[in-house]
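User: Hi there! I'd like to go through this model with you, piece by piece.

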Amino acid sequence: MESASSSRPASPTTRPASPRRPKYYDLNLAHLPPPGLVSIFHRVSGALLFFPILPGLLYVLQMVLGSEESFAGCREYFTHPLVKLAVIGMIWLYAHHFFAGIRYLLLDVHVGIMKQPARSSAIAVLVLGALATVAIAWRIW
Amino acid sequence: MKRYIKTPVGAHYGLGDWLLQRLTAVVMAVYTVGFLACLAMHAPSTHADWKAVFSGTFARVATMLFFVALLYHAWVGMRDILMDYIRATGLRLALQMAVGLALLLYLIWSASILWSR
């Protein structure tokens, strides 16, 4: 009954997907190696920078450059500790996206593409992102 | 000269998008460093200080260039994310349109902030 189909060797493109193909989803970030962490944080930070951080930033820019009153209101708003905390979080997102992006630009021109340098540069990105955030947080607190 | 000819498939904008995403990244990285240096040098604190930072033509054009680069960079990035996770074509196209529209509005908004005074 399967004479026609079994006479031909199954090619990867025409073979139907196995219904019980195993899937390995490990969504625990702690199990990711540093390059994987840099990658997923780069993606998540990019999405968050697009929304809601960018419209928020534009709104703040509008308030700051608008009038004396809007500037004063903005200034008062930023004295609130929770707002400062949120701003520091956003700064980390930007800093990480910045340093991870520079790492990807270097990888694109084949700088540090071997396993060990790529791992070291990923750790460097995570450390630099954190350091830059701490430095700016210390300035604005 | 022997040339590599591949089967003509796809819309061929992939490589251009990939390259422009990198170019726009460089533009924004340079602006970021320059902006931070400017903040460190002038340390603006009052309303007048902040207005002065963005009053020069160079600062306005550079900031506008940053936002144009950001428009394209975020478009490629968000489209990649949507193509990876949203498999229903209709929903994906709707979300891509929303992203594109939002980015255009951001661009117009930033121009109006920089030049409305």
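Analyst: Happy to! A term to begin with: helices (H or I, at least four residues) and strands (E, at least two) are DSSP runs, numbered from the N terminus. This is a predicted model, in which local features need pLDDT of at least 70, side-chain atom pairs count only at pLDDT 80 or more, and totals for chains, interfaces and linings use all residues. Residues are numbered from 1 along each chain as its sequence is written, while chains are lettered from A and ligands numbered from 1 in the order in which they are written.

User: Thanks! Which helix of chain A holds A:Pro52?

Analyst: A:Pro52 sits in helix 2 of chain A. A cis peptide bond links A:Phe51 to A:Pro52, with omega at about 10 degrees.

User: Noted. How many helices and strands are there in chain A?

Analyst: Chain A has five helices and zero strands. Read from the N terminus, its order is α-α-α-α-α.

User: And in chain B?

Analyst: Chain B has four helices and zero strands, in the order α-α-α-α.

User: What share of chain A is buried?

Analyst: In chain A, 14% of the 141 residues are buried. Here a residue is buried if 20 or more other C-beta atoms lie within 10 Å of its own, exposed if 12 or fewer, and partly exposed in between, with C-beta atoms placed from the backbone. For chain B, the buried share is 12% of 117 residues.

User: What radius of gyration does chain B have?

Analyst: Chain B has 19 Å, whereas a compact globule of 117 residues would be near 13 Å. That radius is taken over C-alpha atoms, and the globule rule is 2.2 Å times the number of residues to the power 0.38. Along the principal axes, the C-alpha atoms of chain B fill a box of roughly 60 × 45 × 20 Å.

User: Changing topic: how many residues of chain B are in contact with chain A?

Analyst: 18 residues of chain B are in contact with 19 residues of chain A; contact means that the C-beta atoms, placed from the backbone, lie within 7 Å. On the chain B side, helix 1 (14–42), helix 2 (47–53), helix 3 (57–85) and helix 4 (89–115) each give two or more residues. The largest share, five residues, comes from helix 4 of chain B.

User: How does the chain B side split by class?

Analyst: That side has eleven nonpolar, four polar and three charged residues. Nonpolar means Ala, Val, Leu, Ile, Met, Phe, Trp, Tyr, Cys and Pro, charged means Asp, Glu, Lys and Arg, and the others, Gly among them, are polar.

User: At what angle do helix 2 of chain A and helix 4 of chain B cross?

Analyst: Helix 2 (residues 34–66) of chain A and helix 4 of chain B cross at roughly 15 degrees, and their axes come within 10 Å. That makes these two helices roughly parallel. Axes are lines fitted to C-alpha atoms, for helices over the stretch in contact, and angles run from 0 to 180 degrees between N-to-C directions. Under 35 degrees counts as roughly parallel, over 145 as roughly antiparallel, 65 to 115 as roughly perpendicular and the rest as oblique.

User: Who meets whom in helix 2 of chain A and helix 4 of chain B, and which residues are involved?

Analyst: Helix 2 of chain A brings residues including A:Phe51, A:Leu54 and A:Pro55 to meet B:Ala102, B:Tyr106, B:Trp109, B:Ser110 and B:Ile113 in helix 4 of chain B. The contact divides into ten nonpolar, two polar and no charged residues.

User: Is the crossing of helix 2 of chain A and helix 4 of chain B left-handed or right-handed?

Analyst: Left-handed. A crossing gets that label if the near helix is turned anticlockwise from the far one by less than a right angle, and right-handed if clockwise.

User: Where do the axes of helix 4 and helix 5 of chain A stand, in Å and degrees?

Analyst: Helix 4 (residues 81–108) and helix 5 (residues 115–140) of chain A come within 8 Å between axes and cross at roughly 145 degrees. Helix 4 of chain A passes helix 5 of chain A in a right-handed crossing.

User: Last one: what is phi of A:His110?

Analyst: Near 65 degrees, a positive value in a residue other than glycine. A:His110 lies in the loop between helix 4 and helix 5 of chain A, and it is exposed, with 8 other C-beta atoms within 10 Å. In chain B, B:Ala43 also has a positive phi, about 40 degrees, and lies in the loop between helix 1 and helix 2 of chain B.

Key: Contact = placed C-beta atoms within 7 Å.
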